[in-house]
Every structure is written in structure tokens, then in C-alpha cells.
Amino acid sequence: MNISMVIGGMVAVNSGVLLITQFPFSYTIVTIISAVIGIVIGGVVGALFDYQTFLTGYVNGLMMGIMAPMIGGVVQSNIFFIIFIELLLLSSIVLVLSSIKRS
Amino acid sequence: MHGLLVTLFLFNFVLFFIIYKTLRRSRRLYEDRFAMIAAMSSSGIFSMVLSMILSLLLLDWIGLTIMIAITTIFGSLLGVLFGALGKYQSVLAGYFSGLIGGMMGTMVGAVVLDPRLCGLPGEIASTISQNALIMGVFGTLVVVFSSWFIYFSFRV
């Protein structure tokens, strides 16, 4: 459950910020695309385990994907923020891999 | 545009009542974990989409501050309503999820109506109404799919 929440949310935030940096004129389409990416990633990772885990990853990916283009619009394509959010994704992947190995 | 948005709002409200009656009819069969996850997911999605369509409809008339107050109270009430089918920890989870969904839905509606709030370039009026319609239809599609998933989760 926690693995699907972390992976779906972080991938959705990354895709939303990068897409709104690249295409700042089309907010609506970017929001829809990043929400769909979050739904698919969270649902696929959650469906490895259980139906309720699938539901949790689905909802969390949807929320994060809808929130992400607002963050990316506010920071106005700052390169340090993009590097920071890529490092956040990398660290969360490392954390998830270590938690899989520990359990 | 307003007529179609009112129609989508009523459709979402009817779906909310159907899901709530279905969850209430079989509330004796729950475990704690399923009650918590059902309260979180359904209250989050329904409060987000309902407050998004509500703010697309009413934001030009009553302003952002009163709108956020109204939708936050609405979302937390909806979450408590869904969470009260289980035990007290599911009330807490549903309350929190509904509150977050209400705030986020209002912000999405405000940014769609005026993209300059987030530092994005502004748009002309016809494009804005078209975008509002696209977001309403997308929210309705999300509600339909997720209520189908929640309804299907009783069988598993």
C-alpha cells in the first residue's frame, strides 16, 4: 500500500512539473495527461498485491497528478527546482527498493 | 456552458447517492481496513470533483475566499458521512481525505478559470469556457470509473 502510494505520487508529480514546464500554454491537457499517468502507475503498482491496494494507489496518483501542474506553474521553470524534484524521485525509488529488500 | 455544467453536477450527485446507499446497505460486512480505504478513496474523489464543478460554476460570483470555505466544509461533511459507516479511525481518515479533496478541487477550478494565478500565460474567454467544459467532462469520467471500481470492490 505504501509502495504504491509513494511510486504513483512521485511519478505523477514529476511528469506534471516537467510537462507544464515544456508546454505552459495548455494547462488543461497537461493536467489530464499527468492525472492519467498517476492513475496508471499507481494502479499498476498497487494491483501487484491486492484490490484495496489498487484502490489506494489509484486515488493517490489521481490527487498528486491533478496537483502537480499547479506547483510547476508557480515555480516558473526554475532549473534548480526541476533538479530537486528529480532527486526526490530518485531518493524515493532508493527508499522503496531498500524497504523491499528489508521486508 | 452553465447548463451542461449543472447537468454534470447533478449527475455526479446522483452517483454519490447511489454509491453511498450501496456502501450503507452492506456496512455490516466490513473489516476495518476495507472501511478505511473505502472512506478515503470515495470521499476524496467525490469531494474533489463536486467542488471542482461547483467552483467552475460559482467562482465568478462569490469570490475565492468564501468559495474555499464552502467547499472545505462540504468536503469534510462528505468525508465524515462516508467514514461514519465504519469505526472511528475511518471517520478520521475520511474527514482528512475529504478536506484535502475539497481544497484541491477549488484550486483546480480557480486555475482553469484564470491561469494567471499560477504564473501561466492568460487566455481568451472562449478558450476558458472550452477548458472548463473539458475539465468537467474529465471529472465526470473519473467519477464514473472510480465508482465502478468501488462498486466492484465488494465482489472481491
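Me: Axes here are lines fitted to C-alpha atoms, for helices over the stretch in contact, and angles run from 0 to 180 degrees between N-to-C directions. With that in place, what makes α1(B) roughly antiparallel to α2(B)?

Reply: This is a predicted model, in which local features need pLDDT of at least 70 and side-chain atom pairs count only at pLDDT 80 or more, while totals for chains, interfaces and linings use all residues. Residues are numbered from 1 along each chain as its sequence is written, and chains are lettered from A and ligands numbered from 1 in the order in which they are written. Helix α1 of chain B, residues 2-25, packs on α2(B) at an angle of about 160 degrees, with the axes 10 Å apart. An angle under 35 degrees counts as roughly parallel, over 145 as roughly antiparallel, 65 to 115 as roughly perpendicular, and the rest as oblique. The pair α1(B) and α2(B) is therefore roughly antiparallel.

Me: Which hand does the crossing of α1(B) and α2(B) have, and which residues of α1(B) and α2(B) meet?

Reply: The crossing of α1(B) and α2(B) is left-handed, the term for a near helix turned anticlockwise from the far one by less than a right angle, with clockwise giving right-handed. From α1(B), residues including L5(B), F9(B), F16(B) and L23(B) meet residues of α2(B), among them A38(B), F46(B), I53(B) and L57(B); contact requires C-beta atoms, placed from the backbone, to lie within 7 Å. By class, the contact of α1(B) with α2(B) holds 15 nonpolar, three polar and no charged residues, where Ala, Val, Leu, Ile, Met, Phe, Trp, Tyr, Cys and Pro are nonpolar, Asp, Glu, Lys and Arg charged, and the others, Gly among them, polar.

Me: What makes α3(B) roughly antiparallel to α4(B)?

Reply: The axes of α3(B), residues 64-83, and α4(B) cross at roughly 150 degrees and come within 7 Å. That angle makes α3(B) roughly antiparallel to α4(B). Their crossing is right-handed, and the contact of α3(B) with α4(B) has 13 nonpolar, 14 polar and no charged residues.

Me: In chain A, why are α1(A) and α3(A) called roughly parallel?

Reply: Helix α1(A), residues 2-22, and helix α3(A), residues 51-75, pack at an angle of about 25 degrees, with axes 7 Å apart. At that angle, α1(A) and α3(A) are therefore roughly parallel to each other. The contact is made by residues including G8(A), A12(A), G16(A) and I20(A) of α1(A) and by residues of α3(A) such as G57(A), G61(A), M64(A) and A68(A).

Me: Why is chain A described as being as compact as a globular protein of its length?

Reply: Chain A has four helices and zero strands, helices (H or I, at least four residues) and strands (E, at least two) being DSSP runs numbered from the N terminus. The radius of gyration, taken over C-alpha atoms, is set against a globule rule of 2.2 Å times the number of residues to the power 0.38. For the 103 residues of chain A the rule gives 13 Å and the chain has 14 Å, which is close, so chain A is as compact as a globular protein of that length. Its C-alpha trace spans about 40 × 25 × 15 Å along the principal axes, and 50% of its residues count as buried.

Me: How many residues of chain B are in contact with chain A?

Reply: Chain B places 26 residues in contact with 19 residues of chain A. The elements giving two or more residues to that side of chain B are α2 (32-62), α4 (88-113) and α5 (125-152), and the residues of the side divide into 19 nonpolar, six polar and one charged.

Notes. Two residues are in contact if their C-beta atoms, placed from the backbone, lie within 7 Å. A residue is buried if 20 or more other C-beta atoms lie within 10 Å of its own, exposed if 12 or fewer, and partly exposed in between; C-beta atoms are placed from the backbone.
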